[in-house]
Amino acid sequence: MAKILINHLYKRYAKDKPPVVKDFHLEIQDKEFLVFVGPSGCGKSTTLRMIAGLEDISEGEIYIGDTLVNDLPPKDRDIAMVFQNYALYPNMSVYENIAFGLRLRKLPKHEIDLAVKRASRVLEIEQYLERKPRELSGGQRQRVALGRAIVRNPQVFLMDEPLSNLDAKLRVQMRTEIISLHKKLGVTMIYVTHDQIEAMTMGDRIVVMKDGVIQQVDTPETIYTLPNNTFVASFIGSPPMNFIEGRIQEGAGGKLEFHTPRFALEVPEGKTQALTKNKQVNRTVILGIRPENVSLESLVFQAFPKAIVPGVFKLDELMGADRFLHLDIGKDKALVARVNPRYRFNEDDKVEVALDMSKALFFHHETGERLLD
């Protein structure tokens, strides 16, 4: 197995246009499951293809293990790639599809047979070895594509949106199977997706990208609770983080308060340092808070008496164990609260919610960067 070093990587398609990948610098640990996530066109698949050798590198270096692979062809990089469209040969059986790469390497027939049967056992597709791809479901085809990668016993697995063609239920099942496969094989995996739920549930670490630039690299929990900027905060999480624009002012007793035209919230002592250190007193900032930290519970109102926001109920979304309330809090600004499904309101009902200000984050108004202590 191997770690990967991506050293200040750039990808340009034309000199007169900005790079589609810009100064991408990252070290991926041996046996790590790393996920690249971001919106379409952010450069995540292009980066993966440069690691695979399917795209030329404009600038920078890629090491797999101790080997500089910039000029190595894909077949010499000891990697295996799984694509979105499976890339199976329709005229070959499942057995032949899995064995194809090994036959190209001219391995002995008994070694090929052993490798194919071992991979098919791991993926539970032994009963399909004589079938053609057209006779398989989407999930079964994806297992065959994974099997073709496994038999090569590569140092690194690269997966480019492998589940995007599957229905929602099957995606959940295949996510679990890929996580289990990673644990069984103990290999380095890099997984590309635009689906933040896939990223959060699968990765040891997540790389969030936007416009070819890394926005944040960290564990799923840290990225969710401490996003670097408003882009990461809005992209990771469903529903996304709430953002409220307001001004930081000194209140009674010298305590800081967050003011909007309709309400004022007391800033907890634990949050004042970041605001004062970054000289945000008497300036406009962005307050960010997750829907689960917006409450209708009376006990929360008692705990946070100076963190009450008045709103007008507009709509809700029932999600089984949760209900998401959408409130108008003024100037067409919406606030989403994640509440117990027993709560029901009529359109335009007045509703007050309490914010757990200890969980609130503050972001710079112009740059969107989180204000750090």
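User: Phe258 and Phe362, are they buried or exposed?
Analyst: Phe258 is buried and Phe362 is as well, where buried means a relative accessible area under 20%, exposed means over 50%, and partly exposed lies in between (1.4 Å probe, protein chains only).

User: And what sort of model is this?
Analyst: The model is predicted, so local features need a pLDDT of at least 70 and side-chain atom pairs count only at 80 or more, although totals for chains, interfaces and linings use all residues. Residues are numbered from 1 along each chain as its sequence is written, and side-chain values use heavy atoms, leaving out hydrogens and water.

User: How many aromatic pairs turn up?
Analyst: Searching the whole structure gives seven aromatic pairs, a pair being Phe, Tyr or Trp rings (the six-membered one for Trp) with centres within 6.5 Å, called stacked if the planes are under 30 degrees apart, edge-to-face if over 60, and tilted otherwise. One of them is Tyr89 with Phe100, which is tilted because the ring centres are 4.8 Å apart and the planes stand at 50 degrees.

User: Where do those two sit?
Analyst: Tyr89 is in the loop between β6 (79–82) and α2 (94–104), whereas Phe100 is in helix α2, 11 residues away; helices (H or I, at least four residues) and strands (E, at least two) are DSSP runs numbered from the N terminus. Tyr89 is partly exposed at 34% relative accessible area, and Phe100 is partly exposed too, at 26%.

User: Back to Phe258 and Phe362, how are their planes set?
Analyst: Their ring centres lie 6.2 Å apart with the planes at 55 degrees, so this pair is tilted. Phe258 belongs to strand β12 (residues 256–259) and Phe362 to strand β20 (residues 361–364), so the contact ties together parts 104 residues apart in sequence.

User: Switching to β1, why is it largely enclosed?
Analyst: Strand β1 (residues 4–11) has six of its eight residues buried, so the rest of the structure largely encloses it.

User: Which strands does β1 pair with?
Analyst: β1 runs antiparallel to strand β4 (residues 59–64), joined by five bridges, and is antiparallel to strand β2 (residues 21–28) over five bridges as well, pairing requiring at least two DSSP bridges between two strands. Tyr10 stands opposite Glu59 in β4, while Ile6 faces Leu26 in β2.

User: What about helices α4 and α5, how do their axes cross?
Analyst: The axes of α4 (residues 138–150) and α5 (residues 168–185) come within 11 Å and cross at roughly 20 degrees, with axes being lines fitted to C-alpha atoms over the stretch in contact and angles running from 0 to 180 degrees between N-to-C directions. The two helices α4 and α5 are therefore roughly parallel, the class for angles under 35 degrees, as against roughly antiparallel over 145, roughly perpendicular from 65 to 115 and oblique for the rest.
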